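This report considers selected helices and their surroundings. The structure is shown first, and the description follows.

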Amino acid sequence: MSDSDTDDAGGGADPDYGVARFLAIEHVDSPTLTPAGRLLFLADTSGTPQVWTTEAAGTWPTRLTPHEERVSAVAASPTDETFVYAMDRGSDERDQLRHYDLDTGADSALTDDPESKHDWGAWGPDGDRVAYTANRDADGRFDVYVQRLDGDPELVYEGPGGWLSVEAFGPDGELLAVTKPHSSYDDELAVLDLDIGASTTLSDGSEATYSHVHFGDDGGLYCVTNHGADTAYVARVDPAESADGATAITPVAGHDDALGEPGTDAWDVDSFAYDRETGRCAFTVNEGGYSAVRAGVLDGDEFTAAAAPTVDGVVQGVAFDGDAARYAYTHTAPTEPYGVHVAAFDDADGTDWTPVGTNGLPSAAFHDAETVHYETFDGREIPAYWTAPPAADADDPAPVIVDIHGGPEHQRRPWFYPVKQFFVNRGYAVLEPNVRGSAGYGKAYSHLDDVEKRMDSVADVAAAVDWLADRPAADTDRVVAYGRSYGGFMVLAAITEYPDLWAAAVDFVGIADFTTFLENTGEWRRSHREAEYGSLDDDYDFLKSVSPLTHIDNVACPLFVQHGANDPRVPVEETEQVVDAVREQGVPVEHLVFDDEGHHTTSRENRIEEFEAIASFLDEHV
């Protein structure tokens, strides 16, 4: 498919602007502010995310990193005009860390061990060292390292196995807050004493998450947690009182609904920034996918609210500047590309510092999403976003792409999604369900698909197709199952469990067989994933029974399958199993593997090739 193609999918398709034009709309995120007030951020202007900077709203930004490989994280020093960034090779997720001096332009490697994964952690309070975790000594175990900017990595703590993350340095640089996830909703929170190399566990063993952890000025820890609640809030943990399996935890903000009775409209706090010197904080609340920004001052267990911007869309990645006079955040909405806004503390307005153009595409090329709910097999209401071509109606209904998110503890939100806008302009409607198991609706909802309940979430996808029957704009004879990663599993499960519902399917890096997936995924991920799906030792037969490959003979619709050869999460062999099995049945299959990509397709050139191929596939079969 080229920019000159004029194939009409139905539903009143708009002019075909070509997928390259949509994918060239810049994606800007990951803000961090230097002590001098420079804004650093990641932007994919060059085709992959790189570090850029600007000193004021409306000024032309400057690109700082020159690489072709993607940059995945950036963090400004708390004391000078330098920053650390993380970068992998071929999207293999084995990040290396580099240090960049803004005054001199010097860019030097902190780590050089490409077979190991380095997970960025935190700057030391004096700006002379950093802390992070890495699996340098054992692939399945992350250890804690502290490294001076002019020195070598120093192993300060050997992890117990599996994933481990550094969250924050203590005020005097002698303590580290670390978290260890046992599953997506079960973390362990601990403080590591660097002098003695020993850790003290603060969490009490109950199921809870701990994130965005910061040390207060009185020895306490502020964090986002759902301890004792269905949804997450801002809390203060008192290390001095947390002992003998008890956690001294006090909700301080964002908890009015979170600690309410089950069934009330409670929402998650999902981003939190805190400045120790001033006590100022800013956080976001995920209200059914849309964000509300909150700000205020924390003093011990007390929170005093301040003014904060009112936003329409999704806000993520909140970060203060050096004196907490301002904070930056990523903002996006269904018709607004990702960009970074900056707000003064106690101000109700935010300013767009990185306005992103739309490559000449008119506003009519971007379509807002409608929040809907549909009833599934057990009477539960499933939240979803519905986007249809404006001209689609009962006389000219649109084919529908049912786009199923990954995770599975992920949430589709009303953010800017250029591929969706491309397909809607080609005449497709898009339904994005947050089936049971999704994040954003509380712990109880997230657990509704665990292990033996796995296929209930697939039934939710089938119920989505039933709901389409009552939408005059939807052509239910032309429905496409579409999803990435765990969403790819959902696609394969949907077309094997409910084969009569689908005209075609698109599977990106999907799980075909849970047993081979768990056997071959990165060692550091296995125990975490077994907590969600079931274990190879205890649930092998069950895992086989719910694996799409076991029922692959049921596939009846044409299938497009994409993967990256460097994928450390879902090995490319999962794709190859599916392609071989479906082809043996004589069902049309298209197969696209990028040798220089991993779990995500990160280069714009490859993404253009990918979605041009998918668009042609769907035009032919749908």
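This is a predicted model: local features need pLDDT of at least 70, side-chain atom pairs count only at pLDDT 80 or more; totals for chains, interfaces and linings use all residues.

## Helix 2 and its surroundings

Helix 2 itself spans residues 418-425 and is mostly covered, with 8 of its 8 residues buried. The buried residues are Pro418, Val419, Lys420, Gln421, Phe422, Phe423, Val424 and Asn425.

The cover over these residues includes two helices, helix 1 (19-23) and helix 10. Strands also contribute to the cover of helix 2, including strand 30 (381-387), strand 31 (398-404), strand 32 (429-433) and strand 33 (474-484).

## Packing of helix 2 against helix 10

Two packed helices are described by the angle between their axes and the distance between the axes. For helix 2 and helix 10, the axes come within 12 Å and cross at roughly 30°. Angles under 35 degrees count as roughly parallel, and helix 2 and helix 10 are therefore roughly parallel to each other. Their crossing is right-handed.

On the side of helix 2, the contact is formed by Val419, Phe422 and Phe423. Helix 10 contributes Arg607, Phe611, Ile614, Ala615 and Leu618. Sorted by class, the contact between helix 2 and helix 10 comprises 7 nonpolar residues, no polar residues and 1 charged residue.

## Asn606 in helix 10

Helix 10 covers residues 604-621 and contains Asn606. Is Asn606 buried or exposed? Its relative accessibility is 8%; because buried means under 20%, Asn606 counts as buried.

The side chain of Asn606 forms a polar contact with the side chain of Asp596, at 3.1 Å. When neighbours within four places in sequence are set aside, the residues in contact with Asn606 are Phe594, Asp596, Glu597 and Thr601.

## Packing of helix 4 against helix 5

A further helix pair is formed by helix 4 (residues 454-468) and helix 5 (residues 486-497), whose axes come within 10 Å and cross at roughly 75°. Because angles of 65 to 115 degrees count as roughly perpendicular, helix 4 and helix 5 are assigned to that category.

Helix 4 meets helix 5 through Arg454, Met455, Ser457, Val458 and Val461. The residues they meet in helix 5 are Tyr486, Phe489, Met490, Ala493, Ala494 and Glu497. By class, the contact of helix 4 with helix 5 has 8 nonpolar, 1 polar and 2 charged residues.

Note on methods:
Residues are numbered from 1 along each chain as its sequence is written. Side-chain values use heavy atoms; hydrogens and water are left out. Helices (H or I, at least four residues) and strands (E, at least two) are DSSP runs, numbered from the N terminus. Buried means under 20% relative accessible area, exposed over 50%, partly exposed in between (1.4 Å probe, protein chains only). A polar contact is a pair of N or O atoms within 3.5 Å; within protein, one must be able to donate a hydrogen and the other to accept it, and residues adjacent in sequence count only if both atoms are side-chain atoms. Contact means heavy atoms within 4.5 Å. Axes are lines fitted to C-alpha atoms, for helices over the stretch in contact, and angles run from 0 to 180 degrees between N-to-C directions. Angles under 35 degrees count as roughly parallel, over 145 as roughly antiparallel, 65 to 115 as roughly perpendicular and the rest as oblique. A crossing is left-handed if the near helix is turned anticlockwise from the far one by less than a right angle, and right-handed if clockwise. Ala, Val, Leu, Ile, Met, Phe, Trp, Tyr, Cys and Pro count as nonpolar, Asp, Glu, Lys and Arg as charged, and the others, Gly among them, as polar.
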